[in-house]
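Visitor: Hi, I'm new to this and would like a tour of the structure. Please keep it simple.
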Amino acid sequence: MTADEVVDLYKNDGALLQGHFLLSSGLHSDTYLQSAKVLQNPEHAERLCVAIVAGIPEAVRKQIRCVVGPAMGAVLVSYECARALGVRSLFTERENGQMVLRRGFALSPGEEVLVVEDITTTGGSTRECITAVEAAGGKVLASSAIIDRSAGFQDFDGIPFYPLLRLPVRTWSAEDCPLCAAGGVPVKPGSRGLR
């Protein structure tokens with residue numbers, strides 16, 4: 001998929017929003033990407049995730065034995081990427097404030113993993129997911145996302161990052177937010193509370 005095709009898919013599905021938003025990271029933004037509205041359509045989810053997998057170098061793809069994503073936003077992304085690769089899909093969840101594998105999910109010692117996300121802003125959820133995979137004995141070979149809105153990640157502590165689309169989107173701390181300074185109040189359309 002081209003960058004324009006990804007953006008058009010988000011726009012057409014009503015998933016690219018403009019306004020004043022409070023992101024899960026605690027940052028404010030004038031743009032919000034609601035991946036759930038795109039991923040609710042299996043054809044769109046499959047198309048995006050096949051493209052994610054295609055963007056990972058073949059030598060890395062061949063080694064991946066499992067795909068893991070943090071709940072909730074990356075559950076479907078993990079599943080569809082795993083399906084494209086022909087491997088298992090797992091997800092991490094928060095337990096006592098820490099991202100872990102639950103529900104009887106387990107990794108074999110050294111099992112090669114791809115960690116995926118829907119949207120990356122600060123990289124916090126991806127880092128937590130990588131930590132959970134490593135704590136469970138897995139070896140993270142690469143990470144990816146549908147959209148990287150971070151404007152700069154190249155890797156996660158040496159783990160290569162292969163987003164489908166890098167989309168620079170402005171973000172501000174609450175103290176520096178020009179939308180707040182103009183009297184605006186941010187809305188939080190996302191799925192989880194602040195960290």
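Guide: When I say two residues are in contact, or touch, I mean they have heavy atoms within 4.5 Å. This is a predicted model, where local features need pLDDT of at least 70 and side-chain atom pairs count only at pLDDT 80 or more, while totals for chains, interfaces and linings use all residues. Residues are numbered from 1 along each chain as its sequence is written, and side-chain values use heavy atoms, with hydrogens and water left out.

Visitor: Okay, what does Gly110 touch, not counting residues up to four places away in sequence?
Guide: Gly137 and Lys139. Gly110 itself sits in the loop between strand S5 (98-101) and S6. Helices (H or I, at least four residues) and strands (E, at least two) are DSSP runs, numbered from the N terminus.

Visitor: Is Gly110 buried, partly exposed or exposed?
Guide: Partly exposed, with a relative accessible area of 35%. Buried is under 20%, exposed is over 50%, and partly exposed is in between (1.4 Å probe, protein chains only).

Visitor: Let's move on to S6. How many of its residues are buried?
Guide: Eight of its nine, so S6 is mostly covered.

Visitor: Which strands does S6 pair with?
Guide: One of them is strand S3 (residues 66-70), which runs parallel to S6 and is joined to it by three bridges. Pairing takes at least two bridges found by DSSP. Cys66 stands opposite Val113 in S6. S6 also pairs with S7 in the parallel sense, over eight bridges, and there Val116 stands opposite Ser144 in S7. To get from S6 to S7 the chain goes through H6, and this β-α-β crossover is right-handed. That means the path from the first strand over the helix to the second runs clockwise, with the strands pointing away from the viewer.

Visitor: New topic. Where does UniProt place the feature "binding site"?
Guide: At Thr121 and Arg149, in an unreviewed entry. UniProt positions are given in the numbering used here, feature names are shortened, and annotations may be inferred rather than shown by experiment.

Visitor: Where is Thr121 located?
Guide: In the loop between strand S6 (112-120) and helix H6 (124-135). The side chain of Thr121 makes a polar contact with the side chain of Arg149 (3.4 Å). A polar contact is a pair of N or O atoms within 3.5 Å; within protein, one must be able to donate a hydrogen and the other to accept it, and residues adjacent in sequence count only if both atoms are side-chain atoms.

Visitor: Is Arg149 buried or exposed?
Guide: Buried, at a relative accessible area of 3%. Arg149 lies in the loop between strand S7 (139-148) and strand S8 (155-156). A polar atom of the Arg149 side chain is 3.1 Å from the backbone oxygen of Thr31.
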